[in-house]
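The entries below follow the order in which I looked things up.

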Amino acid sequence: MGKLLAIDGLNIVRRVYEANMEEDEAIKADTALRHSVASFRKLLTAHQPTHVLPAFDFGGHTWRHDVYARYRENRAPMPDALKERLPDFYVQLAELGLHVVSIPEVEADDVIATGVLRWLGEGRGEAIIASTDKDLHTLIEHGAVIWDHFKGEWHDSKWVEAKFGVPPEMLTDLLALMGDVSDSIPGVSKVGVKTAAKLLQSYGNIDRIMAGAGILKNTLGEKLRKDKDQLYMSRQLVALKDDVRMGVTWNMLAFDNSKLG
C-alpha cells in the first residue's frame, strides 16, 4: 500500500519566516526558505512517502472572495522579499523530486482536501497531512492523520475532541459558529469554541441548532437568529473544496526516497 504525504507549503514557510527576528527582509526571506527546504527534507525522511502533494496558495482572488468580499481583508500580505523568492524555492523542491501544486482561485487547503479524499477514496493507502491549519483537521473524519511538524506530534480524532470539544465530523460547523478573525470569517458574534461545542453537543449540527434557535429566549438565541445569514455564509467559507482540478496524476506525485541521499 502507498503513503501520501500532503504538505501545506506556506504553513511551513510563513511560520519559519515569522520565527526569524532578522530585520533585513531579504536576509530573513533567504534564511526562511533555506530552513524551509530543510523542513521539507526532514518531513520526507521521517515519513518515507510513496507520493507527495506539496500544495501552495496561488495568491490573489479566490472563490471564497466571491462568497464574501471581505474574506481575509485583515490578513497581512506576504512580504515582497519572500514572495519574490518563491519561484526559486519551487525549483529547489523540484530538485528534491517534488511537484509543487498551486492553483489559481483556490487555496492550498482545497488542493490538499481534493488530493487526500481522492487518495483515500481510491483505497491507495494512508494519508498524512503536514500542517497546523485547523480547517484541515476535518479530513481526519475520512481517515487522514495530521502531523504537526513544529511540535512533532500526531493529531487524530482524540486530539480534535480534546482540543475543540467535538469530533472531526462536527469541526466544520464548529469553525463556522466561532468564526475566524485571521481570515475575517464572521461566525456568530461572541460565540467562542466552548459555546459552539456545547451547541453542537446538544443539537448535532448547524441546521438543528438554527431549528431550535427560535425557542431560545436568551441572549444566545438572539445572537443566533440575528446572525443566521452570516453563519451559513461562514459555513461555506470554512468548508474545504474537494473537487479541484489539480492538473497532476499520481505518477507525477510519486516520490523516490533515494533522492534524499
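**Entry 1: conventions.** I took two strands as paired if DSSP finds at least two bridges between them. Helices (H or I, at least four residues) and strands (E, at least two) are DSSP runs, numbered from the N terminus. I noted that this is a predicted model, in which local features need pLDDT of at least 70 and side-chain atom pairs count only at pLDDT 80 or more, while totals for chains, interfaces and linings use all residues. Residues are numbered from 1 along each chain as its sequence is written, and side-chain values use heavy atoms, with hydrogens and water left out.

Entry 2: I found an open sheet of 5 strands in the order 2-1-3-4-5, with mixed pairing. Strand 2 and strand 5 (153–155) stand at the edges; each has a single partner strand, so one side of each lacks a neighbour in the sheet. On average, neighbouring strands of this sheet are turned by 25° against each other, direction ignored.

Strand 1 and strand 2 are parallel and share 5 bridges; Ile 7 has Pro 54 of strand 2 as its bridge partner. Strand 4 (residues 145–148) and strand 5 run antiparallel and are joined by 3 bridges, with Asp 148 opposite Glu 153 of strand 5.

Entry 3: Leu 5 lies in strand 1 and is buried, with a relative accessible area of 0%. Contact here means heavy atoms within 4.5 Å. Beyond its neighbours within four places in sequence, Leu 5 touches several residues, including Leu 43, His 51, Leu 53 and Ile 128. The C-alpha atoms of Leu 5 and Thr 50 are 8.0 Å apart, although the two residues are 45 apart in sequence.

Thr 62 sits in the loop between strand 2 (51–55) and helix 3 (63–67). Thr 62 is also buried, at 6% relative accessible area.

Entry 4: Axes are lines fitted to C-alpha atoms, for helices over the stretch in contact, and angles run from 0 to 180 degrees between N-to-C directions. Helix 2 (residues 25–47) lies across strands including strand 1 (2–8) and strand 3 (125–130), at about 160° to strand 1. Helix 5 (residues 108–121) lies across strand 1, strand 2 and strand 3, at about 170° to strand 1.

**Entry 5: helix 8 and helix 9.** I found that the axes of helix 8 (residues 193–203) and helix 9 (residues 206–213) come within 9 Å and cross at roughly 90°. The two helices are therefore roughly perpendicular (65 to 115 degrees). Leu 199, Leu 200 and Tyr 203 of helix 8 meet Ile 206, Arg 208, Ile 209 and Gly 212 of helix 9.

Definitions and conventions
Buried < 20%, exposed > 50% of the residue type's maximum accessible area, 1.4 Å probe, protein only. Parallel < 35°, antiparallel > 145°, perpendicular 65-115°, else oblique.
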